[in-house]
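Here is a short report on one protein chain. Look at the structure first, then read on.

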Amino acid sequence: MPQDPTDRRVVVTGPPRRTRPLSRSRPRTEIDEQTTLGHTYVRSLMRSQLRAALTVFAVLVLLVGPLPLVFASMGDSSSLEWIVLGFCVYPPLVILARWYVRRADRNEKDFVRLVEDR
């Protein structure tokens, strides 16, 4: 059977003309457009930051809160009060501050990783 020239198919190779753009930054788009999903992303970041802040605040209240009662029960010893405030309270405050900053940075890095789909 001879092939009819009108029955032949021609294959053309090249870049596709119609491509659907990949939605790589979908969470970022959701946040920018302020959709419900974007609101949920931002709310989760704010919730994790608030949780870290409330943890530091609770430890701070437990550490510094009883000090006025302790100072009142000791009477008039202002030098001991300054020693306690300067040497016993200050190092834990610095440690709490460092922990909070690290935790806040970790929360933000996790959020960025979530948004950028990495």
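Helices (H or I, at least four residues) and strands (E, at least two) are DSSP runs, numbered from the N terminus. By that rule, asparagine 107 lies in helix H4. The model is predicted: local features need pLDDT of at least 70, side-chain atom pairs count only at pLDDT 80 or more, and totals for chains, interfaces and linings use all residues. Residues are numbered from 1 along each chain as its sequence is written, and side-chain values use heavy atoms, with hydrogens and water left out.

**The whole chain**

The chain holds 4 helices and 0 strands. From the N terminus on, the order is α-α-α-α. Of its 118 residues, 16% are buried. Buried means under 20% relative accessible area, exposed means over 50%, and partly exposed lies in between (1.4 Å probe, protein chains only). The chain exposes about 10400 Å², and carbon and sulfur atoms supply 60% of that. Such areas come from the Shrake-Rupley method with a 1.4 Å probe; for residues, only the protein chains shown count as cover. Contact means heavy atoms within 4.5 Å. Among contacts between residues at least 6 apart in sequence, 71% join residues at least 24 apart.

**Two helices**

The expected span is 1.5 Å times one less than the number of residues.

| Helix | Length | First to last C-alpha | Expected span |
|---|---|---|---|
| H2 (residues 36-64) | 29 residues | 41 Å | 42 Å |
| H4 | 38 residues | 53 Å | 56 Å |

H4 has a kink of about 40° at valine 89, shortly before proline 91. The bend at a residue is the angle between axes fitted to the seven residues ending there and the seven starting there.

The buried residues of H2 are Gly38, Tyr41, Leu45, Ser48, Gln49, Ala52 and Val56. Their cover includes helix H1 (26-32) and helix H4 (78-115). In H4, the buried residues include Val84, Val89, Leu96 and Phe111. Cover for the buried residues of H4 includes H1, H2 and helix H3 (67-74).

**Two residues in contact**

Which residues does asparagine 107 touch, not counting those up to four places away in sequence? They are Leu45, Ser48, Gln49 and Ala52. Asparagine 107 counts as buried because its relative accessible area is 6%.

Glutamine 49 sits in helix H2. Its relative accessibility is 16%, so glutamine 49 counts as buried. Leaving aside neighbours within four places in sequence, glutamine 49 is in contact with Tyr100, Arg103, Ala104, Asn107 and Glu108.

**One salt bridge**

A search of the whole structure finds 1 salt bridge. The term means a side-chain nitrogen of Lys or Arg within 4 Å of a carboxyl oxygen of Asp or Glu. Aspartate 110 pairs with arginine 113, and the closest N and O atoms are 3.2 Å apart. Both lie in helix H4, 3 residues apart, about one turn of the helix. Aspartate 110 counts as partly exposed because its relative accessibility is 34%. Arginine 113 has a relative accessible area of 43%, so it is partly exposed.

**Annotated regions**

UniProt, in an unreviewed entry, places the feature "transmembrane region" at residues 52-74 and 80-101. UniProt positions follow the numbering used here, feature names are shortened, and annotations may be inferred rather than shown by experiment. Over residues 52-74 the chain is 91% helix and 0% strand, with end C-alpha atoms 34 Å apart. Over residues 80-101 the chain is 100% helix and 0% strand, with end C-alpha atoms 31 Å apart.
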